[in-house]
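Hi,

Here is the structure I promised to pass on to you. Have a look at it first, and then read on for what turned up.

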Amino acid sequence: MGYIFDKKVIILATGGTIAGVGEFGRSVGYPSGQISAEQLIDTVPGLREIAPIEARQVCNLNSDDITGGIWIDIARRIEAEALREDVAGFVITH
């Protein structure tokens, strides 16, 4: 497959509103953190054609449930993966 960019983008998914599922037209009772990183990526047409993507599901939580420990885990993952020559950058979804 030919990509626009050759280096990888690592997506670190943490749940939140972007991973929520709700009924069209309703803003009440919208449950966040319902779909996985892979499902989220698959909802964006053509995304996988831009660059190679590695999806990592860090957690799948509501904003109120994210802890300092999770943020530290994310920082450590980025620090380790940033050493890879084949990685262009990171996206954290929430």
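Predicted model: local features only at pLDDT ≥ 70, side-chain atom pairs only at ≥ 80, totals over all residues.

Together with Phe 5 and Ile 50, Ile 4 makes a nonpolar surface patch of about 320 Å².

The largest nonpolar core has eight residues: Ile 10, Leu 12, Val 58, Cys 59, Ile 66, Ile 70, Ile 74 and Val 87. At least two residues of this core come from each of E1, strand E2 (53-61) and helix H3 (68-81). For Val 87, the contacts beyond four places in sequence are Lys 7, Lys 8, Ile 10 and Glu 81.

Thr 14 may also interest you. This threonine belongs to strand E1, which covers residues 8-15. Is Thr 14 buried or exposed? Its relative accessibility is 1%, so Thr 14 counts as buried, the cut-off being under 20%. The side chain of Thr 14 makes a polar contact of 2.7 Å with the side chain of His 94. Leaving out neighbours within four places in sequence, Thr 14 is in contact with Gln 57, Val 58, Cys 59, Asn 60, Leu 61, Ile 66, Ile 74, Ile 92, Thr 93 and His 94. Among these contacts, Val 58, Cys 59, Ile 66 and Ile 74 are also listed in the core described above.

Best wishes

How values were computed. Residues numbered from 1 in each chain as written. Heavy atoms only, no water. Helix = DSSP H or I, 4+ residues; strand = E, 2+ residues; numbered from the N terminus. Buried < 20%, exposed > 50% of the residue type's maximum accessible area, 1.4 Å probe, protein only. Polar contact = N/O pair within 3.5 Å; in protein donor to acceptor, adjacent residues only side chain to side chain. Contact = heavy atoms within 4.5 Å. Core = buried A, V, L, I, M, F, W, Y, C linked by side-chain atoms within 4.5 Å. Patch = residues over 30% accessible without salt bridge, like charges linked within 9 Å, V, L, I, M, F, W, Y side chains within 5 Å. Areas by Shrake-Rupley, 256 points an atom, 1.4 Å probe, with all protein chains shown as cover. Salt bridge = Lys/Arg side-chain N within 4 Å of Asp/Glu carboxyl O.
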